[in-house]
Amino acid sequence: MKKNVHSFQKLKDSGEKIAMLTAYDYSTAKVIDEAGIDAILVGDSLAMVALGYRDTYIITAEEMKIFVKAVSKGAVNTFIVADMPFMSYNINVEQGLENASKMIKAGASAIKLEGCNKYILTLVQRCVESGIPVLGHLGFTPQLMNTIGGHKIQGKTAEMTEEILVNAQKLEAAGCFAIVLELMPAESAKYITDNLKIPTIGIGAGSECSGQIVVTDDILGKFTDFKPKFVKKYADLHGVVLESITQYKNEVKNLIFPSQDESFELNPEEFDKLNS
Ligand code: KIV
């Protein structure tokens with residue numbers, strides 16, 4: 001059965017971990033749906049992973065919508081969260097609400113916003129009042145990378161961890177149904193998780209969060225150039241795809257593919273007419 005915001009709370013309360021993955025396209029979403037993953041994030045990481053952009057700054061809400069539509073067609077039984085891209089919710093609350101509603105109309109069940117300040121808290125409240133569940137995102141927040149100063153581990157001191165917790169509690173009070181905690185020591189993430197009612201979803205934040213999320217392409221080993229420490233590779237799809245494509249190329253060049261098995265035959269009468 002498709003999960004809803006209450007299902008995630010029940011999972012945290014019962015101690016069962018929440019398993020979340022990213023998806024950007026129809027066929028991947030379909031497999032994730034079949035595997036019974038609890039929720040899918042159409043993350044703005046798709047800017048780099050699916051579109052080859054330099055970072056997440058460039059992608060727009062209009063572009064995100066296309067991917068949300070594709071994923072929602074494939075994952076019909078899975079709760080889908082759409083990431084709100086950079087500056088699609090920071091200008092004013094009306095802009096945020098309008099773009100959030102576009103994501104829901106495209107097929108998402110909820111949206112995700114990065115960071116916490118008074119404008120974001122108001123937006124979270126307005127979204128929830130309007131029927132749009134919100135997933136928060138604290139710790140390392142890629143959309144603030146230029147002000148953070150790079151891919152830095154957050155919550156490295158007790159003071160920094162307390163600051164993240166204060167923001168997490170504000171997001172909880174504003175109505176977020178869960179919060180992503182990215183890139184922080186496991187002990188800090190546990191402390192934050194233990195002091196919140198709502199679930200936390202960790203990425204590079206240890207095993208004590210209420211759930212985990214990773215970029216699907218990373219765990220499937222689609223890329224060879226870079227593997228973050230927190231990623232476990234469950235497959236080597238790059239190797240499998242490269243080998244298959246190379247074999248295809250060689251078979252075409254050497255007249256092995258297509259064989260009779262992959263060809264259609266003209267019936268003998270028509271063949272004779274053609275050759276008379
Ligand atoms: O964009 C993304 O994929 C994300 C996560 C992996 C949390 O924000």
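Predicted model: local features only at pLDDT ≥ 70, side-chain atom pairs only at ≥ 80, totals over all residues.
Local features need pLDDT of at least 70 and side-chain atom pairs pLDDT 80 or more, while totals for chains, interfaces and linings use all residues. Residues are numbered from 1 along each chain as its sequence is written, and side-chain values use heavy atoms, with hydrogens and water left out.

**View 1. Glu-16 in the loop between helix H1 (5–14) and strand E1 (18–22).** Helices (H or I, at least four residues) and strands (E, at least two) are DSSP runs, numbered from the N terminus. Glu-16 is partly exposed, because its relative accessibility is 49%. Buried means under 20% relative accessible area, exposed over 50%, partly exposed in between (1.4 Å probe, protein chains only). Neighbours within four places in sequence aside, Glu-16 is in contact with Leu-11 and Ser-210. Contact means heavy atoms within 4.5 Å.

**View 2. Helix H6 (residues 118–129) against helix H8 (residues 158–174).** Their axes come within 8 Å and cross at roughly 30 degrees. Axes are lines fitted to C-alpha atoms over the stretch in contact, with angles from 0 to 180 degrees between N-to-C directions. H6 and H8 are therefore roughly parallel (angles under 35 degrees). Ile-120, Leu-121, Val-124, Gln-125 and Val-128 of H6 meet Lys-170, Leu-171 and Ala-174 of H8.

**View 3. The two sides of helix H9 (residues 186–194).** Ser-188, Ala-189, Ile-192 and Thr-193 are buried. Seen down the H9 axis, the buried residues fall within an arc of 135 degrees, so they line one face. The arc is that of the directions from the helix axis to the C-beta atoms. These residues pack against H1, H8, strand E6 (178–182) and strand E7 (200–203). Exposed Glu-187 and Asp-194 sit on the face turned away from the buried side.

How values were computed. Parallel < 35°, antiparallel > 145°, perpendicular 65-115°, else oblique.
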